[in-house]
Amino acid sequence: MLVAVLPASPKTAQETIRVLLEADQLTSPVGVHAIYRDLSKAPREFCAHAGFHAVAGDLNDATSLDLGGADTVFAITPPRYDGSDMMQWATIASENTRLAIQKAGSVKRLVLLSSMGAEQPSGTGEILTNHIAEEILKDVVPEIIFMRCAYFMENWAPAVLTVKSDQPHFDSPITPLDYEIPMVAVTDIGKACATYLMAIHIPKHPYVIEVQGPQDHTVKDVQKAFEEAAGHAVEVRPVEKARLATFFGQFLPDASVGPFVEMTISFLPGGILARKADNNSSKDVRLYRGRTDLGEAIGRMYRSL
């Protein structure tokens with residue numbers, strides 16, 4: 001089988017490609033046709049593999065996207081934090097992905113990296129980009145799989161710098177501190193996506209997978225993991241809802257602040273996605289649980305920065 005990865009530079013794509021190339025050594029041949037806007041982003045370890053082929057292509061330009069006769073596509077709607085309209089970007093990227101798939105004429109299966117809450121048409125802020133992608137791509141090929149991922153454990157990576165500071169601490173936009181939410185490591189996302197890219201039979205259309213870690217976690221769990229990694233006490237500073245705009249405004253362009261505030265509020269207590277979880281309305285979808293523990297993920301981030 002030949003899997004086209006569009007685009008191939010995000011960490012989730014890299015982890016998925018790694019699993020696909022490892023599977024090629026153990027089972028039937030798997031080829032990867034990886035599309036990069038900048039070919040220098042293709043890791044050397046991938047380029048050394050006979051089944052890996054990197055090509056240039058830009059999601060901004062549908063005519064530049066060549067899927068190389070792939071029968072399966074792994075698609076991602078990469079975030080954009082340049083101050084432009086992220087919903088407009090999601091529409092452009094998804095429509096161009098659809099055009100590329102249609103032009104190829106060989107694709108039978110699409111696996112789309114998405115997010116928990118992507119089924120909601122409003123009220124979820126930045127997550128709405130995934131809803132847009134799902135709506136545009138939901139019928140482009142016979143087999144469609146939506147990988148709706150939980151909160152990335154790697155979202156805590158920026159906290160490593162303040163944890164390593166003279167006053168070890170980190171800010172948390174998730175409150176209260178003992179509120180549990182599902183979290184998942186990027187390595188497990190890669191394994192999940194590769195699993196369904198290579199699956200033999202897909203029973204539903206579209207087939208929805210919720211990708212989560214071994215268990216739900218609180219911010220206090222994150223604090224404990226940082227303390228274990230650092231070997232000393234770490235203060236957690238909660239960011240209450242009224243301060244979320246100021247918090248995100250410190251590192252996001254103005255156009256992105258509102259969507260990130262709405263997204264955060266959507267999964268906090270009382271939010272639209274929190275109500276969904278409380279009502280168990282997702283029991284009609286399949287749950288994929290990864291194996292990477294929060295402490296393992298935090299420890300890896302702490303050592304790498």
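Which strands form the open sheet of 3 strands, and in what order? In this predicted model, the order is S7-S9-S11, and the pairing is mixed. Strand S7 (151–152) and strand S11 (216–217) stand at the edges with a single partner strand each, so one side of each has no neighbour in the sheet. S7 pairs with S9 in the parallel sense, over 2 bridges. Tyr-151 has Met-183 in S9 as its bridge partner.

**The sheet of 8 strands**

Another open sheet is built from 8 strands, in the order S3-S2-S1-S4-S5-S6-S10-S13, and its pairing is parallel. Its edge strands are strand S3 (52–56) and strand S13 (286–289), each of which pairs on one side only. From one strand to the next, the twist averages 20°. Strands of a sheet pair through backbone hydrogen bonds, either parallel or antiparallel. Within this sheet, strand S4 (residues 72–75) and S5 run parallel and are joined by 4 bridges. Thr-72 has Arg-109 in S5 as its bridge partner.

Two helices can be described against this sheet. Helix H4 lies across S5 and S6 and runs at about 160° to S5. Helix H6 (residues 186–198) packs on the sheet, where it touches strand S1 (2–6), S4, S5, S6, strand S10 (207–212) and S13. The direction of H6 makes about 155° with that of S5.

**Helix H4 and its cover**

Is helix H4 (residues 128–137) mostly covered or mostly uncovered? It is mostly covered, with 9 of its 10 residues buried. The buried residues are Leu-128, Thr-129, Asn-130, His-131, Ile-132, Ala-133, Glu-134, Ile-136 and Leu-137. Among the elements that cover them are helix H3 (86–104), strand S5 (109–115) and strand S6 (143–149). S5 and S6 are also the strands that H4 lies across.

**Salt bridges**

Side chains of opposite charge can pair when their charged atoms come close. The model has 10 salt bridges, including the three tabulated here.

| Pair | Closest N to O distance |
|---|---|
| Glu-15 and Arg-18 | 3.1 Å |

Glu-15, Arg-18 and Glu-45 are linked in a network of salt bridges. Glu-15 and Arg-18 both lie in helix H1 (residues 11–26), where they are 3 residues apart, about one turn of the helix. An α-helix has 3.6 residues a turn, so residues three or four places apart point the same way. Arg-18 counts as partly exposed because its relative accessibility is 22%, and the cut-off for buried is under 20%.

Is Arg-148 buried or exposed? Arg-148 counts as buried because its relative accessibility is 9%. Glu-119 is partly exposed, with a relative accessible area of 26%.

**Prolines in loops**

Pro-43 lies in the loop between strand S2 (31–36) and H2. It counts as buried because its relative accessibility is 16%. Leaving aside neighbours within four places in sequence, Pro-43 is in contact with Gln-14 and Tyr-36. Between Pro-43 and Leu-128 there are 85 residues of separation in sequence and 31 Å in space, C-alpha to C-alpha. Leu-128 is one of the buried residues of H4.

Most residues other than glycine have a negative phi, and most peptide bonds are trans. The bond from Leu-6 to Pro-7, however, is cis, with omega near -10°. Pro-7 is placed in the loop between S1 and H1. Thr-175 and Pro-176 are also joined by a cis peptide bond, with omega about -5°. Pro-176 is found in the loop between strand S8 (169–172) and strand S9 (181–184).

Definitions and conventions: Residues are numbered from 1 along each chain as its sequence is written. This is a predicted model: local features need pLDDT of at least 70, side-chain atom pairs count only at pLDDT 80 or more; totals for chains, interfaces and linings use all residues. Side-chain values use heavy atoms; hydrogens and water are left out. Buried means under 20% relative accessible area, exposed over 50%, partly exposed in between (1.4 Å probe, protein chains only). Contact means heavy atoms within 4.5 Å. Two strands pair if DSSP finds at least two bridges between them. Axes are lines fitted to C-alpha atoms, for helices over the stretch in contact, and angles run from 0 to 180 degrees between N-to-C directions. A salt bridge is a side-chain nitrogen of Lys or Arg within 4 Å of a carboxyl oxygen of Asp or Glu.
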